Amino acid sequence: MDKRKDHYYKKAKQEGYRSRAAYKLLEIQKRFKIFRKGARVVDLGCAPGGWLQLIAAEVGPKGRMVGVDLQKTRALASENVELIQGDITAPEVRSRIRQALGGEAHVVTSDLSPNLTGIHFQDHMRSCELARTGLAVARELLRPDGIFLTKVFQGEELDAVIRELKDEFGEVRRVVPSASRKASSEIYLLAKGFRGAVKGSSSG
Ligand SMILES: C[S@@+](CC[C@H](N)C(=O)[O-])C[C@H]1O[C@@H](n2cnc3c(N)ncnc32)[C@H](O)[C@@H]1O
């Protein structure tokens, strides 16, 4: 799609959001109220920072955010955001997140995307792998009853990913924001009511 013609792209430019992706999270927040004032939030795959802008507004000055991405994310205006450039599959990056957060997370969000090949099956499988890595991070960081939100591309492995989430969360729902591009196979999985970390269960 021609970016210049995209409604959400233009809206993001006008309203000062760094990405059109911010509108997907905005819609999810309006519907499900996942962020509360003062919450600690980890955002995986945060660059260029559109989701973080929105999360910062929702959690307010008493909240705390850590954003992680392979790419460099330009600093945000809010002081309570720590940015880490690194690969979330790396154990040292995960321990840096934990240190920077200063306590258990109320919410872990993941908009992680693989570099797209255009081969649907391959992109789908890579995206499921990233969702599982996000789940492993969430398992390490979330407090009991915490929330995990992840993007995933639809395909044959999706039901298996949902089952894995259901093993660890009280409620899992599929969400398709209207800001997702019509041609895209992406959906978001919103998992609420984390049952709590089981020692030795982390992987990914
Ligand atoms: C769709 S973008 C995120 C957009 C973001 N939510 C926003 O609103 O600005 C997906 C990001 O995932 C990141 N990513 C993919 N694999 C990663 C990994 N293993 N570790 C860290 N970041 C990763 C990419 O670098 C990319 O910036």
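Me: In which helix is the place of Leu-158?
Reply: This is a predicted model, in which local features need pLDDT of at least 70, side-chain atom pairs count only at pLDDT 80 or more, and totals for chains, interfaces and linings use all residues. Residues are numbered from 1 along each chain as its sequence is written. Helices (H or I, at least four residues) and strands (E, at least two) are DSSP runs, numbered from the N terminus. By this numbering, Leu-158 has its place in helix α6.

Me: Is Leu-158 buried, exposed or partly exposed?
Reply: A residue is buried if 20 or more other C-beta atoms, placed from the backbone, lie within 10 Å of its own, exposed if 12 or fewer, and partly exposed in between. Leu-158 has 19 other C-beta atoms within 10 Å, and therefore it is partly exposed.

Me: Which strands does helix α6 lie across?
Reply: Helix α6 covers residues 158-168 and runs at about 150° to β6. Such angles run from 0 to 180 degrees between N-to-C directions, with axes as lines fitted to C-alpha atoms, for helices over the stretch in contact; contact requires C-beta atoms, placed from the backbone, within 7 Å. The strands that helix α6 lies across are β5, β6 and β7 (186-194).

Me: Which strands stand at the edges of the open sheet of seven strands?
Reply: The order of the sheet is β3-β2-β1-β4-β5-β7-β6, with mixed pairing; two strands pair if DSSP finds at least two bridges between them. Each edge strand has a single partner strand, so one side of each is left without a neighbour in the sheet. These strands are β3 (81-85) and β6 (169-175).

Me: What is the bridge partner of Ala-105 in β5?
Reply: Strand β4 (residues 105-110) pairs with strand β5 (residues 142-153) in the parallel sense, over five bridges. In β5, Ala-105 has as its bridge partner Leu-142.

Me: How many residues are around the ligand?
Reply: A residue is near a molecule if its C-beta atom, placed from the backbone, lies within 6 Å of it. Ser-19, Ala-21, Gly-45, Gly-50 and Asp-111 come nearest to the ligand, out of a total of 22 residues.

Terms used
Two residues are in contact if their C-beta atoms, placed from the backbone, lie within 7 Å.
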